[in-house]
Every structure is written in C-alpha cells, then in structure tokens.
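I opened this notebook to record what I looked up in the model.

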Amino acid sequence: VRVIMETQKTALYDYHKSLGAKFVPFAGYEMPVQYSSGIVDEHKLTRSSVGMFDVSHMGQLSIEGNEELAIELEKIIPIDLKQIKLNQSKYSFLTNEEGGIYDDLIVTKVKKGFNIILNAACKNSDFKIISSSLKNKFKIILHKNLSLIALQGPKSSQILEKIISGVSSLKFMNGNKFSYNGEDVYITRSGYTGEDGFEISISNKLAEDLAKKLISQNVKPIGLGARDTLRLEAGLCLYGHDINKSTSPIEANLKWAISKRRREEGGFAGYDKIKSDLNGSLSRLRVGIKPEGKIIAREGVKIFSGDGKEIGSITSGTFGPSVNGPIAMGYVKLNFSKPGTKVSLEVRGKKHEAKVSDLPFYKKSYVR
C-alpha cells in the first residue's frame with residue numbers, strides 16, 4: 001500500500017499566494033520558488049538591498065538541560081558545546097558511525113539549553129537520532145507552532161531595527177530574545193546567503209503580521225530559487241546534494257566546523273574515520289569549479305583531468321548572477337583539488353573546459 005503524504009504548507013502559504021508566488025514541492029512542503037520578477041532579480045535584490053525568505057519548513061528543535069546535556073550532545077555533534085557562550089550560534093552537523101553527515105545544522109546556546117535548526121528533509125529522522133542518543137533524559141521538542149523568517153541583505157539591519165528595536169546590536173552568529181506584539185521572538189544574526197541578515201523564530205499566528213510589516217517597508221519576498229543561487233555563490237553546502245550520509249566533514253572541506261578540541265580528543269560518532277581523514281587518508285575534496293564560457297554544469301556532471309581521466313563529479317551548479325557566470329561545486333580526487341587546476345566537464349555528451357576555483361565565489365559580508 002502506498003501512503004500518499006499530504007504536502008505541508010507553512011503558516012505564510014496564503015500570504016505567498018497573494019504576493020504572486022510560484023510554488024514547488026520541496027522536502028514535503030509546498031514552497032515558493034520565485035515571485036513575478038524572477039530568480040535573477042530576487043538574487044540581485046538580496047545582494048544589493050534586502051529580501052525576505054520563508055524558511056519555516058526547517059526544523060526548530062529545543063532541548064532543555066544543563067552541563068550534562070552538553071556532554072551528551074557532544075557524542076553526536078562535534079563542536080565544543082561546553083565552551084559555546086550564551087546566545088552564541090555554531091554551524092555543525094550530526095555525524096554517523098561511518099563518519100558521514102546525517103544533517104548539517106545550527107546550534108544556539110540559550111538559557112534553558114540548546115536550540116537547533118535542522119534541514120526540512122531531515123528534521124524527523126534527526127529528532128529520532130537525537131532523542132535516542134539522549135536516552136529520554138532531557139525535554140526535547142520539535143516545534144510545530146513556530147515559523148522561521150529570514151531577512152537577508154545589506155539593508156536588513158536598518159529595516160528590522162525599525163520593527164524590533166535592539167536587533168542591530170547583534171553580532172554575526174549570535175542571537176537573543178526580543179519582543180514583538182507582546183510575544184517573545186528569538187532572533188539570530190545569521191543566514192545562508194553570504195549576506196548580513198537575521199533569522200526570526202516567531203509563532204505561526206504572528207508570522208504573517210511580521211511578514212506584512214516587512215513588505216510594507218519595501219522588503220521584497222524571495223523564493224527558494226534565489227536562495228539556492230545565493231548560497232552557491234557563497235560556497236555553502238546544500239544537504240542531500242553537496243553533503244550526505246556518506247560524505248565526511250573533512251572531504252566536504254568543513255574541517256573548520258569541528259572544534260579544535262573535538263578534532264584532537266574525538267569522543268563523537270564517526271571519529272575514527274574523521275581522524276584518519278585528518279591524518280592523510282583523504283582521497284577527495286569538495287572544491288569550487290568555474291566552467292569556461294557559458295555552460296552550466298548541473299549535479300551529476302562528470303569531472304575529468306587534463307588527460308581525460310574521470311576524477312570526480314559536480315554536486316551543485318548554476319548561473320551566478322553576482323559573478324555573472326556559471327559556477328559549480330563538486331568533489332575531485334585530492335591531487336586535482338588545487339585552485340587553478342584545469343579540468344573538463346562532460347555536459348550532454350560534450351567536454352567543456354573548466355578550472356578548480358577558490359570558495360566562496362562571492363565575498364561574504366557578515367557583521368562580526
């Protein structure tokens with residue numbers, strides 16, 4: 001018997017519809033992919049001004065607990081949770097026993113414990129993994145009553161400050177509790193576009209009210225299409241494409257997201273594999289790829305060395321509006337990973353020249 005899962009909708013679905021959104025199914029949700037002006041305009045607007053993204057499909061998990069909770073969570077999340085400061089956020093992942101990545105996530109230390117933002121497609125399995133690892137010792141909630149609105153772009157601070165005062169004093173990857181319409185909202189200065197911005201966790205019933213206020217301040221709504229081109233220009237991974245259960249954080253070029261103490265001491269799932277990758281057994285690496293000319297190399301395109309040997313494949317590829325050309329990321333054998341290395345890409349049966357490139361393609365502008 002096939003169970004037809006009903007597509008879920010965020011609290012802002014009807015509002016997106018009224019703004020002229022075109023929808024696509026994404027991670028079990030009906031999500032806006034673009035609005036009338038199109039992906040390229042939405043992308044450029046986020047880079048030059050400010051855009052509003054509905055990311056309410058993401059999982060918002062909270063776990064209540066003390067020092068003991070940090071010790072237990074460190075068994076599955078390879079950051080230094082004992083050292084993380086109150087209201088500080090860190091990018092990390094849930095690792096599996098093979099050293100692969102169950103999901104990448106953002107962990108924020110709050111007064112009662114930790115808040116964790118999970119990817120939409122992984123949130124239910126993440127909940128099970130985290131719950132079973134913590135052995136029901138702590139109160140753990142995957143919130144169904146919260147929306148997540150991301151405001152991104154160089155003007156996001158001045159605009160949000162008008163609506164919720166105090167937010168402009170936040171530094172990148174830090175958050176705090178603020179008040180909106182008499183309710184607590186939790187806001188972090190973060191995002192996934194390479195721009196300054198904020199992620200606002202707000203109750204479903206207030207989400208549309210806030211969205212309308214933002215739009216009235218000349219903020220434009222932005223769909224998932226531009227979110228994808230923005231994150232790729234910023235060299236950021238998309239789970240299920242650039243990283244997955246069989247990718248180690250080291251080959252994904254995410255060594256920086258494992259705290260130094262954890263790299264040395266271990267004590268988390270998959271450490272043996274990760275340690276051997278750190279100690280020289282690495283065979284491939286995630287790199288940036290810049291195709292010559294106008295060819296777009298999408299996920300799955302094979303990468304070849306100068307002498308025609310297959311050395312890897314593309315995991316994400318698009319046209320980068322801010323760099324005005326095609327960009328891609330993928331994995332290549334380690335000895336071909338140096339920026340500037342000439343490679344070729346097989347697109348629709350023909351080989352096209354390309355070069356290994358530094359990441360990000362577009363310089364990020366965060367407020368430190």
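**Entry 1: the cavity**

The model is predicted, so I kept to its thresholds: local features need pLDDT of at least 70, side-chain atom pairs count only at pLDDT 80 or more, and totals for chains, interfaces and linings use all residues. Residues are numbered from 1 along each chain as its sequence is written, and side-chain values use heavy atoms, with hydrogens and water left out.

On a 1 Å grid over the protein atoms alone, a cavity is a set of points where a 1.4 Å probe fits but cannot get out; a pocket is an open set with protein on both sides within 12 Å along at least five of seven lines; lining residues have an atom within 4 Å of a point. Grid points are joined across faces, edges and corners, and a volume is the space filled by probe spheres set on the points.

The largest cavity holds about 40 Å³ of space. I listed its lining as Met31, Pro32, Phe53, Asp54, Ile222, Gly223, Leu224 and Arg227. At least two lining residues come from each of β2 (29-34), β3 (51-54) and α7 (224-233). Here helices (H or I, at least four residues) and strands (E, at least two) are DSSP runs, numbered from the N terminus. By class, the lining has five nonpolar, one polar and two charged residues. For these classes, Ala, Val, Leu, Ile, Met, Phe, Trp, Tyr, Cys and Pro count as nonpolar, Asp, Glu, Lys and Arg as charged, and the others, Gly among them, as polar.

**Entry 2: the second largest pocket**

I then turned to open space. The second largest pocket contains about 460 Å³. It is lined by 25 residues, of which Gln8, Tyr29, Ser56, Lys123 and Lys144 are the closest to its centre. I noted β4 (59-64), α4 (123-134) and β9 (146-152) as elements that each supply at least two residues of this lining. The greatest share is from α4, with three residues. The lining of this pocket divides into ten nonpolar, eleven polar and four charged residues.

**Entry 3: helix α9**

Which residues of helix α9 (residues 271-281) are buried? I found Tyr271, Ile274 and Asp277. They lie on the same side of α9, because they cover an arc of only 125 degrees around the axis. The arc is that of the directions from the helix axis to the C-beta atoms. Buried means under 20% relative accessible area, exposed over 50%, and partly exposed in between (1.4 Å probe, protein chains only). Asp272, Asn279 and Gly280 are exposed on the other side of α9. The buried residues of α9 pack against β5 (89-95) and α8 (260-265), where contact means heavy atoms within 4.5 Å.

**Entry 4: aromatic pairs**

I counted four aromatic pairs in the structure. Rings of Phe, Tyr and Trp (its six-membered ring) pair if their centres lie within 6.5 Å; planes under 30 degrees apart count as stacked, over 60 as edge-to-face and the rest as tilted. Tyr91 and Phe93 are edge-to-face, at 6.1 Å centre to centre and 85 degrees between the planes. The pair of Phe268 and Tyr271 is also edge-to-face, because the ring centres are 5.3 Å apart and the planes are at 65 degrees. Phe268 is buried at 5% relative accessibility, and Tyr271 is buried at 10%. Tyr91, Phe93 and Trp256 are linked by ring pairs into a cluster.

Ile63 lies in strand β4 and is buried, with a relative accessible area of 2%. Beyond four places in sequence, Ile63 touches residues including Leu69, Lys112, Phe114, Ile130 and Phe138.

Asn87 sits in the loop between α3 (67-73) and β5, and is buried at 15% relative accessible area. Its contacts beyond four places in sequence include Thr108, Val110, Met173 and Tyr186. Asn87 and Lys177 are 90 residues apart in sequence and 9.0 Å apart in space, C-alpha to C-alpha.

**Entry 5: backbone**

I noted that phi of Asn87 is positive, near 70 degrees, in a residue other than glycine. Arg348, not a glycine, has a positive phi of about 45 degrees. Arg348 lies in the loop between β18 (342-347) and β19 and is exposed, at 75% relative accessibility. Leu359 and Pro360 are joined by a cis peptide bond, with omega about -5 degrees. Pro360 falls in the segment after β19 (350-357).
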